[in-house]
Amino acid sequence: MPTERPPHLTPTVFLVRSLSRHTRCLLAFAGISVGTTEAWARPTGPRAFCETYADAPECMGRSVTCNKCHLSTQPVAWNAYGGAVFAALGGGAFDDNIAAALVSIEDDDSDGDGLSNREEIELGTDPGDPLSQWMPRPTPEGAENPSYAIGEYDPSYAYKRVRLLFCGASPSYKEARAFAELDGEAQLAAIHDALAECLESDFWIDEALTSLAHPKIRPVKALGAETDVLISGYKITLADYQWDYRLWQYLLSGDRDARELLTAQYHIGRDDAGNWQRIDGTIPNPPMGFGGGQLLAPEHRAGMLTTQWNLLLNIMFAAVPRVAAGHAYREYLGLDLSLSQGIRPVAGEPLDIDAKGVDAAACAQCHSTLDPLSYAFAYYEGIDLKNLSRTGQYRPERPTERIPGWDEAQPEFVVLDRKVENLVELAQQMAQSREFQRNLADMFFVYAVGHEPLPDELEEFDAVWTAMPADGYSANRLLHRLVDTDAFGVP
Amino acid sequence: MIMRILLRSLLPVLALASGCRDGDAGGTEDTGADEVQRAQRGELQWKRNAALQRDLMRALELPEDGVCNELGRGSCTREIHHIALGAADPLRIGLYEPLPDTLVSTPIVLDRVVMSACVNRADLDRGGAPVVFTELDFGEAAPAPEDEAFAATVTALYRRLLSRDPEAHELTTLGGLTVDDAGEPVSAHEFAVLACFAIGTSSEFLFF
Amino acid sequence: MTTKIGRRQMLLAMAGAMGTTALGSAIGRAMEREGSTADKDRKLLFVLCATGGASIVDSFLPVTRTEVDDDALADTLNVYEDAHIITPTGSNIRCPGYVEPAGLLGNLYELGFSLDGFLAKHHRWMTVLTQECTSVNHNVGQHRAVTGAGINRGRTIMEAMALRHGEDLIIPNCNMANDGYIQPGVDPSLPAFAQAEIIASPLGFAAALDGVKGVLGAPDRALVERARGVREELDDASMFGKTFADSPRRQRFLTNRREVQPRLEAAKMMDRLTLLPPELLDPKYGVMSSPLLPTLASKFSNFLVDPWESQAALSVLLAYYGLSCVSTIGLRQEPTFGNEKLITTPIAFDFSHNDHRMAQYLMWGHVLKAVDALVDLLQQLDYLGDPALGKMWDRSMIYVATDFGRDKTRPAGAESWGTGHSLNNGTLIVSPLLAGNRVFGGIDPTTCETYGFDGSTGDSDPGLKCSEGHIYSAIAQALDIEFPERIDMSALLA
């Protein structure tokens, strides 16, 4: 066990790297032979970090991961900051001493880049990586720019961006002239007028919003309504993802409550004129297809999480639908467990209820969060080849049928440290969370600005997403706030 | 120190004195003497395939299928080169989010799309009531840079493609497209296409 | 329009003083030259992505019933009847024989290519490596299959390859695959030239290599060049150009336009890479089919309708004409039709969820058909058409990447069943650069789980597991790609 920090070579690696350098293959149970039980990554670390630094940008506008301290969690290896934390713990119990350990090294500069750990945490850079730096914007030099407002919000620049990003076309010469002739306040008003108009446009709703939904829905034509594959005259359609796209489009337009992405118990149709039609109750599968409707009883619905397509694609044949849970966590909360984001370990988990070996050291730290999420999905059918009409249905007996030991184990369903009774409640908790708001805002920020919020943009980004409750969780209102930011409007 | 010069009432306002920033709409005289302030952020976005297609349709008044069809096999912007032009493609290659940056082939593909759109517009204007190249006589050689038809054509293209008036130096530079390498006048049709292409493939047209 | 000034703002401003140093260091890393290779020494990599989970247990590391030595247990494992396993003469590797279409959807398929035929023909180039990956999520597993789970600064093996062998090439890294296989690595210092060019339409890609050719009505090229010159002047002199001169996105675009595009057009690559046959090219466009098209078509007979084949065909052209040193191709989610029946499954290998054995056999056959064609073509063609440079094959490696393995169990006695995802698997590499006709690692017949080996000695060891990083390291070592974390895999080298 090292007690000294190594030299500041990049990237700085502590201790157990030797496992990967000097063994030819991973030990079958890597970690056990490290020689000390202290040499584990601590899945509670990110949570502890944000309890200590609740106002840090990464705890507000981003997601703290194991990378804050670790180069690798399996086998375990620390960066310079993590090594310093480890040393500061001094062998004491992690959860009891982590807060004090973090505070005790605040004034150190663990990665040797010239800023103290505390300063880097406040900036949003990595205190363990000397290459994690923030370059401030250059001070404008030279003659005054006659065409752009350098270093300040430029209404004409913002106006053009609004028109292109949300209407899908530049302002015409005439429109640009008319805008230029307005005074400052009127220009700002005109930007919002243009945005309001654009947010009702076909481009925004049918083109841009649809595109933003692709990672959430992940359509596969071969299994959808447009499939070319027929069996005895039957389309192989197992579900129709157009229901998912319509629900997404509907809820992120028209000032509607975006939380219903996870709580809606209705579906959305569209008539020939393009008008939305809310459909309550179940929707049968179309004739000559194996799926394509929405057979799930409304009381078991949780918006995008329980569409027939989402359940089909992400549960498929799994008894414990971990992929479905991980997908929901990643796409709607912005927490990708495979990247060690959003780890919230539940005591006693993972139970390894289906004997998949997820309690092995390499798996347990993520599965202690993932599995308690997954259990709630276990009541929903993905694909049952002998009963294709069951796709996307709620079946209370399914966990017992598919998971030996389910009844005895009585697993608890937990999301974001809260115990819930079922998927509907789980989705409600997700929809109410700041992670949900932040993730939605982040998606729109990246669309509008072209990159993730940078350190000098985090404050205004936080202001945008934290206003969502006051704005009734309206995506439109969020976008109106977004186009007012410097990130959007300063050339 | 913004100068604007009014050439004619029907022609662009190029650079007469004006005290305010001209935004996107008006031209400014660039003397080249001073380095102007550069953007502080400079994090430009680029027109993705749909916006590019729409802007060309709007600017050149072309129907959707009149912009670019690749070797007669499909839409350049929607089917063949959509990735290089910044689109996602969830169904074919599982690309669920568009690429953040342009690819090696992006400028080449942009050349093809804009060239095709410009040719199509010039052909339509030559064959019927002109819409964009209203001042050109397609049966003749390109107008000389000092001709009104030249300034009117360039101005129309700037207004349509860049939503602003051309600068004086831009008019001068584009004058080079009225002749070939040997100094011989090109045809009016060639001039129309080349000027449209040069402006429509500029970084100012693609980025915002 | 925020106006708050506080400690963060002060820090943001303060960071600048240190930022210069850091940026310098970052640039230093980005500019690092890792050894551009001359044509003579350049290696070629073809990454074939077997999307959905290609199981090594169903290809080149099968287990037979008698090896289990317990009939009841064998009934619950993915094992083959002894008579069904074929070991061709001279081969140290074996595989399942023909699998009869069966199961619920059995009559949908058309089986076209046998594993044993492939093995008999190519076993001397085949290296099987056991492996245990670290994710059963498709996207994550795919990405880790090409990044070695981050072992080399997060660079994909394709990026590392481009960096090592492609600095002088125009588009060194071309990627036609899908999903996680087309995601870039995560090393921010990777030079732009090594980043992948994503190609969704192999049949149409050639047109992206020339800005004018084939555009009906385009003026004479000399005039277009004149217009381009004018455009460059306008771009630099415009207020937009001056204001956004430092924009990284704009700079990248202009660099490609000013430096790469002229090279591509001068090399007349559009005609060389056009995969459309003459009958599909209207003469009015003035575009020619690739001179190699007949050669390619003789091996990829279905390339006009099968994107897997068209990708593979384009990968040969990209390498042959010296545009690229690494091409990545991928199986599509959409099924491909042969003569009225499917020659690939929907969602590729992941159809194993529905019908494991059929999906594996069909899709392995489809993958290997392309490998077979690639080997034949690479053995036939001189690199860059220059006999002095030798055959392309001599410098080539074909890496069959996959997401993860599949479950090893089945319902007792089932002949048709579905499987979930499994970490445990193995990898196939076909290359003269590795020790061929060998399996590194082994398989436990009582579980059908593979176990690892020591890369420095080649010795199998049931106590070891090899990871994505080991596969990455083996490929890298054979292709002269060095990096600090590379695991010694000397025993695998030819």
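The following legends describe close-up views of a predicted model.

View 1. Chain A contains 22 helices and nine strands. Of its 491 residues, 61% count as buried. Among the contacts in chain A with a separation of 6 or more, 63% are made by residues 24 or more positions apart.

**View 2. The interface of chain A and chain B.** On the side of chain A, 53 residues are in contact with 39 residues of chain B. The area buried between chain A and chain B amounts to about 4100 Å², and carbon and sulfur atoms give 52% of this area. Between chain A and chain B, 17 residue pairs are in polar contact, counting pairs with both residues at pLDDT 80 or more. Several helices of chain A each supply at least two residues of the side that touches chain B, namely α7 (155–167), α8 (173–180), α10 (202–217), α19 (434–449) and α22 (486–489). Helix α7(A) provides the largest share of that side, with seven residues. By class, the residues of the side of chain A that touches chain B comprise 29 nonpolar, 12 polar and 12 charged.

**View 3. A salt bridge between A:Arg137 and B:Glu43.** The closest N and O atoms of A:Arg137 and B:Glu43 are 3.0 Å apart. The count of salt bridges between chain A and chain B is three.

**View 4. The interface of chain C and chain B.** Here 65 residues of chain C are in contact with 66 residues of chain B. About 5600 Å² is buried between chain C and chain B, and 64% of this area comes from carbon and sulfur atoms. Within chain C, the residues that lose the most area to chain B are C:Arg226, C:Arg249 and C:Phe253, which together account for 13% of what that side buries. Polar contacts across the interface of chain C and chain B involve 25 residue pairs, with both residues at pLDDT 80 or more. The side of chain C that touches chain B is made up of 36 nonpolar, 12 polar and 17 charged residues.

**View 5. A salt bridge between B:Asp111 and C:Arg228.** The N to O distance between the side chains of B:Asp111 and C:Arg228 is 3.0 Å. Across the interface of chain C and chain B there are five salt bridges.

View 6. Helix α5(C) spans residues 138–147 and is mostly covered, with 10 of its 10 residues buried. Among the buried residues are C:His138, C:Asn139, C:Gln142, C:His143 and C:Arg144, together with C:Val140 and C:Val146. The elements of chain C that cover the buried residues of α5(C) include strands β1 (44–50), β8 (396–402) and β10 (421–422), as well as helices α6 (157–165) and α14 (468–478). At the start of α5(C), a side-chain oxygen of C:Asn137 lies within 3.0 Å of the backbone nitrogen of C:Asn139. Just after the helix, C:Gly148 adopts a positive phi of about 60°.

**View 7. An open sheet of eight strands in chain C.** The strand order is β6-β5-β7-β1-β8-β11-β4-β12, and the pairing is mixed. The edge strands of this sheet are β6 and β12 (438–440) of chain C, each of which pairs on one side only. Strand β8(C) is joined by three bridges to strand β11 (residues 424–430) of chain C, and the two run antiparallel. C:Tyr399 stands opposite C:Ile429 in β11(C). Strands β1 and β8 of chain C are also among the elements that cover the buried residues of α5(C).

**View 8. An open sheet of three strands in chain C.** The strands follow the order β13-β14-β15 with antiparallel pairing. Strands β13 (442–444) and β15 (460–461) of chain C form the edges, each pairing on one side only. Strand β14 (residues 449–453) of chain C is connected to β15(C) by two bridges, and these strands run antiparallel. C:Gly452 is placed opposite C:Asp461 in β15(C).

Conventions:
Residues are numbered from 1 along each chain as its sequence is written. Chains are lettered from A and ligands numbered from 1 in the order in which they are written. This is a predicted model: local features need pLDDT of at least 70, side-chain atom pairs count only at pLDDT 80 or more; totals for chains, interfaces and linings use all residues. Side-chain values use heavy atoms; hydrogens and water are left out. Contact means heavy atoms within 4.5 Å. Buried area is the accessible area (1.4 Å probe) that two parts lose on being put together, summed over both. A salt bridge is a side-chain nitrogen of Lys or Arg within 4 Å of a carboxyl oxygen of Asp or Glu. A polar contact is a pair of N or O atoms within 3.5 Å; within protein, one must be able to donate a hydrogen and the other to accept it, and residues adjacent in sequence count only if both atoms are side-chain atoms. Helices (H or I, at least four residues) and strands (E, at least two) are DSSP runs, numbered from the N terminus. Ala, Val, Leu, Ile, Met, Phe, Trp, Tyr, Cys and Pro count as nonpolar, Asp, Glu, Lys and Arg as charged, and the others, Gly among them, as polar. Buried means under 20% relative accessible area, exposed over 50%, partly exposed in between (1.4 Å probe, protein chains only). Two strands pair if DSSP finds at least two bridges between them.
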